[in-house]
Amino acid sequence: MIPKPGKNPTYVSSYRPISLLFIISKVLEKLILKRINKDMNPQDWIPHHQFGFRQAHSTVQQCHRTTDTINKALEDQKYCTAVFLDVSQAFDKVWHPGLLFKIKKETLPSRYYNLLKSYLQDRHFVVKFNNKTSSRFPIHSGVPQGSMLGPLLYTLYTSDLPTSRRTTLSTFADDTAIQTLRRPPSISRTICTKSKNGFRSGK
């Protein structure tokens with residue numbers, strides 16, 4: 001358990017769990033990931049708005065994309081409304097049945113389904129803090145942080161986020177920005193004109 005800076009050390013939520021995986025397991029994961037990228041072009045299943053875990057994509061480029069939308073709104077005299085989301089413990093909350101359903105239905109070639117199913121299911125963990133070690137507990141959700149396949153599986157799980165023509169969706173791993181543009185409402189102005197009998201108003 002790695003303590004988060006500036007957090008109360010007496011709270012469980014103040015510690016960041018890091019998965020210590022077997023070296024042979026990470027080697028196998030790297031080989032599987034290499035084969036998946038060879039058999040299936042990542043550009044075909046990673047949505048265009050996802051800049052995390054992709055080659056030739058970075059946080060800076062996604063920030064440029066977000067600020068460009070804001071600049072266009074200012075140039076066109078529009079309002080730009082945005083919502084910024086940071087999913088708490090996103091990797092730990094991946095629903096295994098939902099992820100396996102997406103893998104089996106349309107994402108990866110069928111031969112990878114049983115392999116990844118075996119990889120996700122029947123996993124257990126123990127927690128070590130100082131010299132104390134907890135009992136063994138089963139893992140019912142999530143993908144291992146620090147693994148080679150974790151980023152791939154999380155991207156697959158979130159690849160079907162709903163989109164709209166009225167919004168701009170920007171994601172980097174589990175960070176999400178949703179922007180929408182609209183014109184300001186028309187303002188009716190009352191114009192006073194002077195006549196022989198005094199002032200009169202008009203639209």
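Is Asp39 buried, exposed or partly exposed? I looked it up. Asp39 is partly exposed, because its relative accessible area is 35%. The classes are buried (under 20% relative accessible area), exposed (over 50%) and partly exposed in between, with a 1.4 Å probe and protein chains only.

**Ground rules.** I noted that this model is predicted, that local features need pLDDT of at least 70 and side-chain atom pairs pLDDT 80 or more, while totals for chains, interfaces and linings use all residues. Residues are numbered from 1 along each chain as its sequence is written, and side-chain values use heavy atoms, without hydrogens and water.

**Salt bridges.** I searched for salt bridges (a side-chain nitrogen of Lys or Arg within 4 Å of a carboxyl oxygen of Asp or Glu). The count by this rule is 3. Side chains of opposite charge can pair when their charged atoms come close.

I started with Arg111 and Asp39, whose side chains form a salt bridge at 2.9 Å, N to O. This pair joins distant parts of the chain: Arg111 sits in helix H4 (residues 111-120) and Asp39 in helix H1, 72 residues apart. Helices (H or I, at least four residues) and strands (E, at least two) are DSSP runs, numbered from the N terminus. Arg111 counts as exposed because its relative accessible area is 55%.

Next I checked Lys72. Its salt bridge is with Asp68, and the closest N and O atoms are 3.5 Å apart. Both residues lie in helix H2, 4 residues apart, about one turn of the helix. Lys72 is partly exposed at 46% relative accessible area, and Asp68 is partly exposed at 36%.

Then I found Asp160 and Lys102, with a salt bridge of 3.0 Å, N to O. Asp160 is in the loop between helix H5 (150-157) and strand E8 (167-172), Lys102 is in helix H3 (residues 96-107), and the two are 58 residues apart.

**Gln50.** I found Gln50 in the loop between helix H1 (23-39) and helix H2 (59-75). Why does Gln50 count as buried? Its relative accessibility is 3%, so Gln50 falls in the buried class. I then listed contacts (heavy atoms within 4.5 Å). Leaving out residues up to four places away in sequence, Gln50 touches Thr155, Thr158, Thr171, Phe172 and Ala173.
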